[in-house]
Amino acid sequence: MAATNGVALSWQLNLSQCQIPRLIFSIVSRPEKRKAVKVINAFLYCFKAVILELRLLAEMVISAVPSIEMVRFVNSGTEACMGVLRLARAFTGRSKIVKFEGCYHGHADPFLVKAGSGVATLGLPDSPGVPKAATHDTLTAPYNDISAVKSLFDDNKGEIAAIILEPVVGNSGFFPPKPEFLDATRNITKETGALLIFDEVMTGFRLAYGGAQEYLGITPDLTIRGGLPVGAYGGRRDIMEMVAPAGPMHQAGTLSGNPLAMTAGIHTLKRLNQPGAYEHLDKITSELTQGILDAGKKTGHAMCGGYISGMFVFFFTDGPVHNFSDAKKSDTAKFAKFYRGMLEEGVYFAPSQFEAGFTSLAHTAEHIQRTVAAADKV
Ligand SMILES: Cc1ncc(COP(=O)(O)O)c(C=O)c1O
């Protein structure tokens, strides 16, 4: 690395650096912050050192999320899931993992088994290009099915490193855990020396400032997060100290902890931490979900749905939906018709019955009223 006249070069090549400051400034909106950001970041988006923003964001994440005592930033949810899988295996010395049908943990090979999100939308059983050996140690069970999880642990004694799950599922539509389900996963992992991993790429900071684990009152061993090109995993200090350079488990990334993503993260968390942020999300999402369900039911469609904070769904089936098999009972042709109709009205929902919807602090009561009025027409 070299620095001359305020231009710093990283260990890796930064081509066309001139575009980067403009991008940073379009994300960092507060004028007084711009100056500080300019000093640290000008012409610099990949700098392999602990920068101020990285420290600050790490402190904010650690104080927000109950399970996180140490955190590692990466560049995407997929990368965080890959890192956490290696960590769980390194810490326990075991190789098998339990994942749930319809949950999505990024596109790394070991997770492409009965996955949700785009894999479910396109009806792909698994994915071509994934060798059998890569998924040999991935065991699956239906979500909310405790006895299936117990059977897996009985059949694979001392071999399971971790259970990984979405604490509220958002990749097969959206459905919450039955209260006893998460308790059971916590107990069985504790009893057997396996780790419990919450993939909070969707639910983190969305359901509550401390994520689904704060909202539901269950603390996992490790947690995964995601956002504007950034991902993170963190958890118990004794586990995280396995990760290099503190410990022997290798995991690194050229752009990890880059100033652009860190700055965006800090600003997002500051906004979310303002009084009334989650009350606003709760209010508009409740009105939106109820409004759309009422509109559908008025015209005789079989529908069910629900929401928690800024996350919602409506399924074209009577329900109830507790797992991926239930979600698949939805009339997807009807969903597609509704989706296209809403698009014509200027409302852009996620283009699949198997994705959760999200509201944000940018949405106002007026946006919600317009959306419900559009649903009434469609
Ligand atoms: C729960 C969950 N985990 C992991 C991922 C993968 O994240 P990314 O797309 O950033 O790689 C996603 C993406 O939607 C997700 O919803």
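This is a short chat about a predicted model of one protein chain.

Q: What does the secondary structure of the chain come to?
A: The chain has 15 helices and 12 strands. The model is a predicted one.

Q: How many of the residues count as buried, as a percentage?
A: Of the chain's 378 residues, 52% count as buried.

Q: And what about the accessible surface?
A: For the chain, the accessible surface is about 17,500 Å². Carbon and sulfur atoms account for 56% of that surface.

Q: Which strands form the open sheet?
A: Three strands form it, in the order β10-β11-β12, with antiparallel pairing.

Q: How many bridges join β10 to β11?
A: Five bridges join β10, residues 304-308, to β11, and the two run antiparallel. In that pairing C304 stands opposite F315, and G305 has F314 as its bridge partner.

Q: What sits between the strands in the hairpin of β10 and β11?
A: Two residues lie between the strands, and S309 in this hairpin takes a positive phi near 50°.

Q: And how many bridges does β11 have with β12?
A: β11 pairs with β12, residues 357-358, over two bridges in the antiparallel sense.

Q: Is β11 buried or exposed?
A: Five of the five residues in β11, residues 311-315, are buried, so the strand is largely enclosed by the rest of the structure. Buried here means under 20% relative accessible area.

Q: Which way do the β11 residues point?
A: M311, V313 and F315 point one way, F312 and F314 point the other way, and all are buried.

Q: Changing topic: at what angle do α3 and α11 pack?
A: Helix α3, residues 52-64, packs against helix α11, residues 259-272, at about 40°, and their axes are 9 Å apart. The crossing of α3 past α11 is left-handed.

Q: Which residues in α3 meet α11?
A: From α3 they are E53, L54, L56, L57, M60 and V61. On the α11 side they meet M262, T263, G265, I266, L269 and K270. By class, the contact has eight nonpolar, two polar and two charged residues.

Q: Last one: how many contacts join residues at least 24 apart?
A: Among contacts between residues at least 6 apart in sequence, 69% join residues at least 24 apart.

How values were computed:
Residues are numbered from 1 along each chain as its sequence is written. This is a predicted model: local features need pLDDT of at least 70, side-chain atom pairs count only at pLDDT 80 or more; totals for chains, interfaces and linings use all residues. Side-chain values use heavy atoms; hydrogens and water are left out. Buried means under 20% relative accessible area, exposed over 50%, partly exposed in between (1.4 Å probe, protein chains only). Helices (H or I, at least four residues) and strands (E, at least two) are DSSP runs, numbered from the N terminus. Two strands pair if DSSP finds at least two bridges between them. Contact means heavy atoms within 4.5 Å. Accessible areas come from the Shrake-Rupley method with a 1.4 Å probe; for residues, only the protein chains shown count as cover. Axes are lines fitted to C-alpha atoms, for helices over the stretch in contact, and angles run from 0 to 180 degrees between N-to-C directions. A crossing is left-handed if the near helix is turned anticlockwise from the far one by less than a right angle, and right-handed if clockwise. Ala, Val, Leu, Ile, Met, Phe, Trp, Tyr, Cys and Pro count as nonpolar, Asp, Glu, Lys and Arg as charged, and the others, Gly among them, as polar.
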